[in-house]
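Work through the following exercises with the sequence and the model side by side, trying each task before reading its solution.

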Amino acid sequence: MEQPPRRPRGPIRRSSREAPDVCVAFPGPVTRESCCRFICELLKHILHQRHQLPLPYEQLLHFCSGKKDGEEVVRRPIKEASDSRQCQRALSDLAEVMSQLDVFFTLTAVPRVLLLLGGSAVSPKELYVIDMEGIQVGNGEQSLSPRSCLRQLFRALFLADPFSDLRSSSLMSVVLMVLGHRHCATDWFRPKLNYKVPTRAHTLTIKLSSSGTEDTTYPSDDYVWFQAPITLRGFHN
């Protein structure tokens with residue numbers, strides 16, 4: 001009787017747990033403000049792609065406004081009003097996180113950002129790493145337009161199509177972690193001195209760099225992880 005094939009010894013590769021990296025090399029330096037904008041746009045995009053927001057962020061802003069300029073406020077049915085409250089809460093929390101990110105980027109260089117979906121910050125279901133160690137930071141006059149960089153970034157995401165193989169997910173908690181200088185004096189983000197990046201989640205790394213520039217070294221003794229005190233929660237309509 002033919003014996004069934006034996007399983008190979010040694011560690012089993014978990015290729016399904018990790019998507020190919022998306023690498024984007026900008027043709028020049030960018031400002032810290034542009035780096036912050038990249039993070040905010042990726043945050044909004046990933047939340048929509050992973051079904052935590054039912055519509056793109058800008059469309060939700062219009063939906064939650066309830067009326068156009070000069071129009072009367074229309075009383076909504078109970079279900080629609082409930083959806084509107086959930087939408088307002090989700091957008092309010094997201095706006096607060098993005099506003100505080102803008103402040104954080106003025107206080108310190110930010111080599112990496114983590115977006116953790118589901119589970120906890122220690123053991124998430126999905127992990128999105130935005131690696132910016134290879135970016136050359138310049139001033140406004142020397143730097144590239146953030147709009148052109150965003151076009152290049154989202155074109156790379158469109159071509160890589162990293163979300164197509166993922167199943168639709170239920171609502172998940174969303175935690176944001178940022179790497180910054182331990183003495184950056186932030187009064188909003190909470191330092192997590194012993195935090196270690198999870199290794200067992202489905203992981204996508206988006207690596208941003210400037211062409212012809214080597215990665216900057218950020219001493220581990222000087223740079224620590226900070227966690228946003230707000231846990232983002234999406235909604236379904």
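**Exercise 1.** Describe how helix α1 and helix α4 are placed against each other.

*Solution.* Begin with the axes, lines fitted to C-alpha atoms over the stretch in contact, with angles from 0 to 180 degrees between N-to-C directions: those of α1 (residues 32–49) and α4 (residues 146–160) come within 10 Å and cross at roughly 40°. Helices here are DSSP runs of H or I with at least four residues, strands are E runs of at least two, and both are numbered from the N terminus. Next, list the residues in contact (heavy atoms within 4.5 Å): α1 contributes S34, R37, F38, E41, L42 and H45, while α4 contributes P146, C149, L150, L153, F154 and L157.

The model is a predicted one, in which local features need pLDDT of at least 70 and side-chain atom pairs count only at pLDDT 80 or more, whereas totals for chains, interfaces and linings use all residues. Residues are numbered from 1 along each chain as its sequence is written, and side-chain values use heavy atoms, with hydrogens and water left out.

**Exercise 2.** Find how many disulfides there are, and consider C35.

*Solution.* Taking a disulfide as a pair of cysteine sulfur atoms within 2.5 Å, the count comes to zero. For C35, the closest cysteine sulfur belongs to C149 and lies 8.8 Å away, which is too far for a bond. C35 is also buried (under 20% relative accessible area; exposed is over 50%, partly exposed in between, with a 1.4 Å probe and protein chains only), at 6% relative accessibility.

**Exercise 3.** Locate I230 and its contacts.

*Solution.* I230 sits in the loop between β7 (223–227) and β8 (232–233). Leaving aside residues up to four places away in sequence, I230 touches D93, E96, V97, V174 and W188.
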